[in-house]
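Trainee: I am new to this structure and would like to learn how to read its features one at a time. Could you take me through a few of them?

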Amino acid sequence: MDRYYDHKKIETKWQQLWEKESVFVVQEQTKQKKYYALCMFPYPSAAGLHVGHPESYTAVDIIARYHRHLGYNVLNPIGWDAFGLPAENYAIKVGVPPWETTAKSIDNFRRQIKSFGFSYDWSREISTADPNYYRWTQWLFLQMYKHGLAYKKKGKVNWCEHCQTVLANEQVINGQCERCQNEVRQKDLEQWFFKITDYAEELLSGLDMLDWPENIKLAQKNWIGKSVGAEIEFKIKNSVLSIKVFTTRPDTLYGATYIVLAPEHELIQSLESKIENKTEVNQYITATKKKSDLERISLNKEKTGVKLQGLKAINPANNKEIPVFIADYVLNTYGTGAIMAVPAHDERDWEFAKKYNLEIIQVIKPNSHKSTDLKNIQLYTAEGVLINSGEFNGLDSETAKQKITKKVNGKITTQYRLRDWLVSRQRYWGAPIPIIYCDDCGMMPVPEKDLPVLLPRDVDFKPTGQSPLVYSKIFHQVQCPKCGVSGQSVRREVDTMDTFVCSSWYFLRYCDPHNEQQAFSQEKVAYWLPVDLYIGGAEHAVLHLLYARFFTKALRDFGWLKISEPFLRLRNQGMILGEDNQKMSKSRGNVINPDEVVAEYGADTMRIYEMFMGPLEDTKPWSTSSIIGSRRFLEKLWLVVLEWLENNRPSVESKEMKKLVQQTIKKVSEDIVAIKFNTAISALMILVNFMAKEKSFSQESLHNLLVILNPFAPHITEELWQKIGNKDLLVTQPWPTWDKNLVQADSVTVAIQVNGKLRGSIEVSIDAKQSEVLSLAREQESIKKYISGKKVVKEIYVPGKIVNIVVID
């Protein structure tokens with residue numbers, strides 16, 4: 001056995017063998033328990049991987065390999081999120097069609113990922129840009145359309161002038177495009193939507209059953225934005241019309257001193273004849289159209305509005321006449337498009353009232369406040385006790401909500417912030433929407449037998465504000481599926497789908513990737529789903545994860561699935577920063593290429609290092625100097641086994657060795673389940689160091705070490721497993737169990753308190769008697785000075801944990 005650990009030779013050898021023997025290719029085994037481990041599939045950029053990408057892939061691979069050792073039938077697939085704006089923009093930049101640049105990028109990603117030895121079933125590899133895949137994305141669109149969950153309507157959309165396409169609300173960050181960071185404006189367009197709002201309540205309640213990070217669940221809850229409140233009607237003076245408002249605080253109705261309508265509210269047209277300042281109102285409405293919804297509701301934005309002169313509303317609680325305004329901070333798409341303004345108890349209303357010198361009436365006081373007549377009115381937004389509210393004075397807010405709503409004939413109702421998912425895109429590189437328009441027959445779905453609707457290649461794919469598919473001749477050579485007419489009176493839908501549609505079901509296709517008759521076999525999906533562990537970036541908290549959950553619930557209702565949630569357990573990896581503690585980017589020049597790391601140190605070293613850097617979910621800076629420590633650990637392991645073989649396998653094993661091996665098995669097993677890989681590796685390092693010191697250990701102990709290290713460093717452990725004479729692959733070996741008797745510690749540290757204050761500690765035998773422990777505690781020099789000359793009135797011993805000595809002078 002060579003003393004030099006030649007990682008290049010070893011890693012190439014085992015990667016080729018695993019692939020040749022299809023070691024990680026899996027089939028459904030109904031009698032074998034399954035485990036579905038999944039990483040969020042990558043977008044194959046032209047830049048290739050940087051060292052941050054393999055972090056989540058390595059984490060999933062450790063879990064997958066661990067469960068194979070436990071006897072599970074493990075599905076660990078990989079594929080490519082290949083459609084989308086980044087690929088198209090890169091293709092435009094270099095002047096090469098996106099199908100060519102994307103294929104080249106995928107080849108590069110595949111080569112890089114294979115160099116890490118991840119235990120993927122490559123036979124299940126998919127690409128969302130492959131017609132064999134997007135055929136079924138189009139089929140899923142048709143199912144949504146068939147069941148009334150896909151519809152087209154004209155409405156205000158977020159438009160990125162730079163990208164020349166529509167963006168979903170979730171893709172607009174602080175009024176800017178999440179891709180290019182350019183300003184987003186509002187535009188009226190005919191667009192396709194999915195009715196995700198039909199599932200708002202289920203998407204919200206389903207979060208409670210998921211083992212997901214709390215911050216991710218909170219992000220989804222906030223985005224869905226459930227509000228329980230009341231719909232209340234305010235009559236308009238001298239009109240048969242009324243204004244319906246939605247409020248979560250009907251307890252504050254007596255403090256409503258004005259009404260605000262969204263500038264787009266339909267009542268403005270209906271009441272036009274009564275409005276005395278039409279010019280000013282119309283100018284404000286025109287200005288509002290230039291703003292995005294996000295700009296309008298920004299808390300930092302100065303509140304503006306226009307009073308509708310000539311109009312008065314009637315507060316139904318006290319019959320007081322109050323003014324009516326339009327203001328852009330009220331959106332027509334939320335609630336009823338109108339609010340009752342209670343400036344004493346709402347921050348936005350307070351700012352608005354102060355600016356326009358409007359009446360402020362305090363109607364809620366804190367529970368602890370004694371006065372019922374507060375002369376110095378201050379903004380108070382919490383619930384409390386009612387004042388200045390007629391017959392309801394003295395009631396708590398919760399009781400008053402119901403009673404006041406009933407008095408004014410209002411209705412308790414529920415509203416959601418969530419809006420339907422806009423799926424149209426005016427770009428080329430995406431799955432075409434499978435709809436045909438006929439002048440005689442109208443809008444027709446493409447027959448399923450005619451799928452896929454292929455992306456044409458006779459196009460200039462540069463953005464113009466219209467989909468490039470408009471200009472394709474081949475694309476529009478189509479017959480109406482109903483009347484059979486072709487020619488200029490028949491044309492295809494030219495928009496493509498949001499790429500989040502493609503990624504909302506890819507985990508289902510992995511279960512049956514070569515099925516040419518269906519998107520997936522119901523039997524195979526029923527075997528593999530739900531995904532047992534899903535690891536990916538926290539940036540997908542709202543977008544991908546919410547959409548995938550929606551698709552799963554919709555497909556369940558269509559009869560295709562029996563589950564309601566796709567991912568039972570979710571974990572997020574933290575970002576790996578550059579050595580300068582900044583996010584890796586080309587512009588900063590701090591990107592670390594994993595090809596160079598693998599070439600110099602080896603895939604196993606990089607796997608160990610990335611998992612040893614710290615907790616998986618933490619943000620961590622890369623350090624090339626620190627990776628040497630992980631390399632030395634593997635080199636030490638190599639020499640430990642080499643010297644053990646050279647010394648004719650000395651097998652006399654100390655009691656300490658036996659205990660440490662068993663404790664390490666337990667520690668690593670528990671830490672893998674808890675995804676605490678850094679502490680598992682620390683335990684493995686301690687064991688290898690002890691073996692290097694002892695030099696003599698049983699073959700069983702060495703076997704156990706190699707098995708429990710295998711998920712972290714699969715190449716070197718397979719090589720050493722073979723070197724010590726084993727014929728079967730290490731990856732097929734069962735995971736060792738630990739001896740409960742040997743994992744118990746011989747001694748324990750007991751804290752010593754005097755009068756409840758920590759004064760010292762002692763090391764005692766695990767089975768020491770109370771009298772022995774108390775005697776030892778009293779004899780400690782650090783304790784004597786606190787009890788000397790004083791009367792001991794009580795001694796308390798909690799076995800194995802704490803001693804408390806109570807003394808008095």
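Mentor: Let us begin with a single residue, and keep in mind that the model is predicted. Cys 480 counts as buried because its relative accessibility is 3%, and buried means under 20%.

Trainee: How many disulfides does the count come to?

Mentor: In general, a disulfide is a covalent bond between the sulfur atoms of two cysteines. Here the count comes to 0 disulfides, with a pair of cysteine sulfur atoms required to lie within 2.5 Å. Cys 180 is in no disulfide, since the nearest cysteine sulfur, which belongs to Cys 160, is 3.5 Å away. Cys 480 is likewise in no disulfide, and the nearest cysteine sulfur to it, that of Cys 483, lies 3.6 Å away.

Trainee: In what order do the 3 strands of the open sheet come?

Mentor: As a general idea, strands of a sheet pair through backbone hydrogen bonds, either parallel or antiparallel. In this open sheet the order is β22-β21-β23, and the pairing is antiparallel. The edge strands, β22 (442-445) and β23 (490-492), each pair on one side only, and the twist from one strand to the next averages 25°. Strand β21 (residues 435-438) is joined to β23 by 3 bridges, and Ile 436 stands opposite Arg 492 in β23.

Trainee: Which residue takes a positive phi in the hairpin of β10 and β11?

Mentor: Strands β10 (residues 226-236) and β11 (residues 242-247) pair in the antiparallel sense over 6 bridges, and the bridge partner of Ile 232 is Val 245 in β11. The hairpin has 5 residues between the strands, and Asn 238 takes a positive phi near 60° there.

Terms used. Residues are numbered from 1 along each chain as its sequence is written. This is a predicted model: local features need pLDDT of at least 70, side-chain atom pairs count only at pLDDT 80 or more; totals for chains, interfaces and linings use all residues. Side-chain values use heavy atoms; hydrogens and water are left out. Two strands pair if DSSP finds at least two bridges between them. Helices (H or I, at least four residues) and strands (E, at least two) are DSSP runs, numbered from the N terminus. Axes are lines fitted to C-alpha atoms, for helices over the stretch in contact, and angles run from 0 to 180 degrees between N-to-C directions. Buried means under 20% relative accessible area, exposed over 50%, partly exposed in between (1.4 Å probe, protein chains only).
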